[in-house]
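Hi there,

Here is the structure I promised to pass on to you. My notes on what turned up in it follow below.

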Amino acid sequence: MFYLSYQFSILSNVTLYELFIETGGLTDSEDIQREANKLLADYKFKLQKAEQDMSTLQATVARLESQVIRYKSAAEASEKAEDELKVEKRKLQREVRESQGRVEELETANSHLQRRLDKLKNAKSALFKDL
């Protein structure tokens, strides 16, 4: 509060000086006082407006900082989930490769057994023809 009073007293002195300069010092003291009060009221209003704007901006800064914190935590959670998904994807890809290898082994074994079966059928047919 002292700071504001000090500012107003400085403004009053500056205002009076400005009026003195503008009028050349040749006006009625009531006119000077009236103009000084008018300028002082104007400066007080501007100061109040500036303080109000400053408090609004501080509230905005606080709100934005909390948003940044939320977004950072959301980004960290997303990155963690992404890393977990990458690990899961690699695991599933490895399982797919292993399964494909097993399928190829089984297909090879199946074709080998199919050839043996065909040979046995041919041998059986040949044996029955001979009888």
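Is Lys-86 buried, partly exposed or exposed? With a relative accessibility of 42%, Lys-86 falls in the partly exposed class, because that class covers what lies between the 20% limit for buried and the 50% limit for exposed. Please keep in mind as you read on that this is a predicted model.

First, the overall picture. The protein chain has two helices and zero strands. Of its 131 residues, 4% are buried. The chain exposes about 11,600 Å², and 59% of that area comes from carbon and sulfur atoms.

Now to the charge pairs. Side chains of opposite charge can pair when their charged atoms come close. The count of salt bridges here comes to five, and I can walk you through some of them.

Lys-86, the residue I opened with, has Glu-82 as a salt-bridge partner, with 3.8 Å between the closest N and O atoms. That pair counts because the cut-off for a salt bridge is 4 Å. Both residues sit in helix α2, four residues apart, or about one turn of the helix. Glu-82 is partly exposed, as its relative accessibility is 42%.

Asp-31 pairs with Arg-34 in another salt bridge, where the closest N and O atoms are 2.8 Å apart. These two also lie in helix α2, with a spacing of three residues, about one turn of the helix. Asp-31 is partly exposed, at a relative accessible area of 34%.

Further along you will find Glu-105 and Arg-102, a salt bridge whose closest N and O atoms are 3.4 Å apart. Helix α2 holds both of them, three residues apart, again about one turn of the helix. Arg-102 has a relative accessible area of 47% and is therefore partly exposed.

Glu-76, Glu-79, Asp-83 and Glu-84 gather on the surface in a patch of negative charge. One of them, Glu-76, belongs to helix α2, which spans residues 29-130. Glu-76 has a relative accessibility of 54%, so Glu-76 counts as exposed. A residue joins such a patch only if it has over 30% relative accessible area and no salt bridge, so Glu-82, which does pair with Lys-86, is not part of it.

Ser-66 is placed in helix α2, and its side chain comes to 2.7 Å from the backbone oxygen of Arg-63. Ser-66 counts as partly exposed, with a relative accessibility of 30%.

Happy to talk any of this over once you have had a look.

Best wishes

Key
Residues are numbered from 1 along each chain as its sequence is written. This is a predicted model: local features need pLDDT of at least 70, side-chain atom pairs count only at pLDDT 80 or more; totals for chains, interfaces and linings use all residues. Side-chain values use heavy atoms; hydrogens and water are left out. Patches are made of residues with over 30% relative accessible area and no salt bridge: like charges are joined within 9 Å, nonpolar side chains (Val, Leu, Ile, Met, Phe, Trp, Tyr) within 5 Å. Accessible areas come from the Shrake-Rupley method with a 1.4 Å probe; for residues, only the protein chains shown count as cover. A salt bridge is a side-chain nitrogen of Lys or Arg within 4 Å of a carboxyl oxygen of Asp or Glu. Lys and Arg count as positive and Asp and Glu as negative; His and the chain ends are not counted. The place of a charge is taken as NZ of Lys, CZ of Arg, CG of Asp or CD of Glu. Buried means under 20% relative accessible area, exposed over 50%, partly exposed in between (1.4 Å probe, protein chains only). A polar contact is a pair of N or O atoms within 3.5 Å; within protein, one must be able to donate a hydrogen and the other to accept it, and residues adjacent in sequence count only if both atoms are side-chain atoms.
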